[in-house]
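Open the structure in your viewer and keep the selection tool ready. The tour goes from one selection to the next and says what is there.

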Amino acid sequence: MSGKLGEILLKEKIITAEQLKQALEYQKTGGGRLGNALVKLGFLSDDEVTAVLSRQYGVPSINLAYFEVDANVIKLIPMETSMKYQILPLSRVGSSLTVAMVDPTNVFAMDDIKFMTGFNIEPVVASETAITEAIKKHYGTVEDVERKKEIEEIVSFIDEGQAESVELEAEDESTLNLAALEKAAEEAPVIKLVNYILTDAVKRGASDIHMEPYEKEYRVRYRVDGMLQTMMNPPNKLRDAIISRVKIMAKLDISEKRLPQDGRIMIRMMHNGKKKQLDFRVSVLPTLHGEKVVMRLLDKENLRLDMTKLGFEAESLAKFQKAIFKPYGMVLVTGPTGSGKTNTLYSSIAQLNKPDTNIVTAEDPVEFQLPGINQVQMKEQIGLNFAAALRSFLRQDPNIILVGEIRDFETAEIAIKAALTGHLVLSTLHTNDAPSTISRLMNMGIEPFLVATSVHLIAAQRLARRVCQDCKMAEDIAPQVLIDAGYTPEEVKTVKVYKGQGCATCGNKGYKGRVGLYEVLEITDELRELILVGASALEIKRKAMEQGMITLRRSGLIKVAAGMTTLEEVIRETVL
């Protein structure tokens, strides 16, 4: 076939003899078909190859990128067969099955598919690149298929006989059959399925696991690089057994189904040839169709304590480090849940952790245990909240105090007083950007003069997904789009924007890992004067930018130009 295709392309003067020679050499080293080699080298487009193949074989061609494949037809041919023969089933009409093929003259493939499905085969031709991409899209990767099989095997253990023991009897919510609940949770397949979910989440680099009950389905999702993805749908009859198993592992009350509960699971597992100890923070919430479970994976290895690797721009990092090394005052880190605030604070106290320094923290919950630091877990039910812990800390001769979050006036007031009486106070707040944190503190009831004198620096942050380094390619974007995003016309002339194409490394997502975007507002004397006269967040922001503050959007644009993230990610996470 290669020779024939090459001859046709030369005859029709679509490629030169030199290009054909290069493509044949590329084919020898990289494998695959000649058409694929020509596309990879950029000598031909996918559509041009398909058109020539159509003339060569005398069968119609198809552009798979624009064809909607029937999901029921895909099930007729296993992924292994599809990959072996480089084919894709497209549609069925009566007893005829239309199949896209790289080589429509492959009689072995035609016979195999006809025998397997019982249909007459109508071939259409498509390029190797298009069929490979379509197989990934409709079947998933090899790993996805293996995972699916593994889950099916676990679930298949529960035949109809076992399912009866798993289904729970309850006359009403208050008279739940606890014996049946415990027995169901200890069924071998249920234990195996829950263990599989926990370990699979670790292997995939997930930060959270969501187990969600709905009226007709039970859904398990993982949050990978900040985005939720549906991973499996266990049978609905296992719902209560799975929840009970998680509750038993987290040492929670399995009989309490009406109130939220929080707990912890610690597991040890082998990962990449070494033993890992993992900590899952478990939250159970009663919903309309049952209890929803969210597990936050706390992996010490993912905790980056080196501040230079978090994503700070050099000038922003210099300001931040200058503030945390001051003997007193307040440093605030702001941003939404899951934006990496805890990691930034832990990185700060890891730098400050010296034998001659007393560091105390009030956290809810304590996410990671750090040696040499006195960490206190909040217990609201017995009255140990942030305000109560802070009062106690001031009698503990501290140098540095970390308050997990400033939620109310009482906590804010004590923290500010501590910052004004010779202590360095680090804390977090939920605000959209650094300048609006000033307004937030004043709205809580803190006097402007206290804010102006106590707060030394505010850092706002977000996490953007990193472009996968194995499949990133330059992307053509209209200059006006770049200008609208925040680049200057001069920068547009030189800036290069990248996007991940999707590969095995990133699970065809185009992203792998995350990077921080930072807005660091240093409170200078000029800004203090603005705060004292009650200036708005907008005025403070304008003044700070005049003094060289890099905004969240600007931080993102710098990282786009450096090929670290994409324009879509920055636009999704920040505003101009």
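Axes here are lines fitted to C-alpha atoms, for helices over the stretch in contact, and angles run from 0 to 180 degrees between N-to-C directions. Helices (H or I, at least four residues) and strands (E, at least two) are DSSP runs, numbered from the N terminus. This is a predicted model, in which local features need pLDDT of at least 70, side-chain atom pairs count only at pLDDT 80 or more, and totals for chains, interfaces and linings use all residues. Residues are numbered from 1 along each chain as its sequence is written, and side-chain values use heavy atoms, with hydrogens and water left out.

Select helix H16 (residues 386–393) and helix H17 (residues 409–420): they pack at an angle of about 20 degrees, with axes 8 Å apart. H16 and H17 are therefore roughly parallel (angles under 35 degrees). Next, show the side chains in contact (heavy atoms within 4.5 Å): Phe386, Ala387, Leu390 and Arg391 from H16, and Glu410, Thr411, Ile414 and Ala415 from H17.

Move to strand E2 (residues 96–101) and strand E3 (residues 120–125), which pair in the parallel sense over 6 bridges; pairing requires that DSSP finds at least two bridges between two strands. Within the pair, leucine 97 stands opposite isoleucine 121 of E3.

Now select proline 365, in the loop between strand E11 (359–363) and strand E12 (374–377). A cis peptide bond, with omega about 0 degrees, joins aspartate 364 to proline 365.

Finish at glutamine 86, in the loop between helix H6 (79–85) and strand E1 (87–93). Glutamine 86 is a residue other than glycine with a positive phi, near 55 degrees.

Definitions and conventions: Parallel < 35°, antiparallel > 145°, perpendicular 65-115°, else oblique.
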